[in-house]
Amino acid sequence: MSSRRERASRITEDEINDLILKLQPLLPDSSSRCHTKVSASKILKETCNYLKKLHKEVDDLSEGLSQLIASGSVDADTIRALLQQ
């Protein structure tokens, strides 16, 4: 039974290619190479790098907000209200 489950959970090459095609336009600068063939591994590497960059930006913004709250420049309720919009 586990081999049947394994076969059902395997992703096909066509599914991978479809996911790569959906992922590519989400990356910055992808519009400049929309007609250029790019390897799946390159798109996956760029995606990983982009996600790491976004994660760092979120961490930096979070740190900045924490410093603003700690300094009394802005209160937590104001930030919560802004984030909920």
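This is a predicted model: local features need pLDDT of at least 70, side-chain atom pairs count only at pLDDT 80 or more; totals for chains, interfaces and linings use all residues.

Biologist: What does Lys 53 form a salt bridge with?

Modeller: With Glu 57; the closest N and O atoms are 3.6 Å apart. A salt bridge here is a side-chain nitrogen of Lys or Arg within 4 Å of a carboxyl oxygen of Asp or Glu. Both residues sit in helix 3, four residues apart, about one turn of the helix. Glu 57 is partly exposed too, at 37%.

Biologist: How many salt bridges does the whole structure have?

Modeller: Four. Among them is Lys 56 with Asp 60, closest N and O atoms 2.9 Å apart. Those two are separated by about one helical turn, because they are four residues apart in helix 3.

Biologist: And which residue pairs with Arg 80?

Modeller: Asp 77, with the closest N and O atoms 2.9 Å apart. They are three residues apart in helix 4 (residues 76-84), so about one helical turn separates them. Asp 77 is exposed at 56%, while Arg 80 counts as partly exposed at 47%.

Biologist: Back to helix 3. What span should its 32 residues have?

Modeller: At 1.5 Å a residue they should span 46 Å, and the end C-alpha atoms are 46 Å apart, which agrees. The expected span is 1.5 Å times one less than the number of residues. After helix 3 comes Gly 72, with a positive phi near 85°.

Biologist: What about Thr 47, buried or exposed?

Modeller: Buried, at 11%. Thr 47 lies in helix 3 (residues 40-71). Leaving aside neighbours within four places in sequence, Thr 47 is in contact (heavy atoms within 4.5 Å) with Leu 23 and Leu 27.

Biologist: How many helices and strands overall?

Modeller: Four helices and zero strands. Helices (H or I, at least four residues) and strands (E, at least two) are DSSP runs, numbered from the N terminus. Of the 85 residues, 11% count as buried.

Technical notes. Residues are numbered from 1 along each chain as its sequence is written. Side-chain values use heavy atoms; hydrogens and water are left out. Buried means under 20% relative accessible area, exposed over 50%, partly exposed in between (1.4 Å probe, protein chains only).
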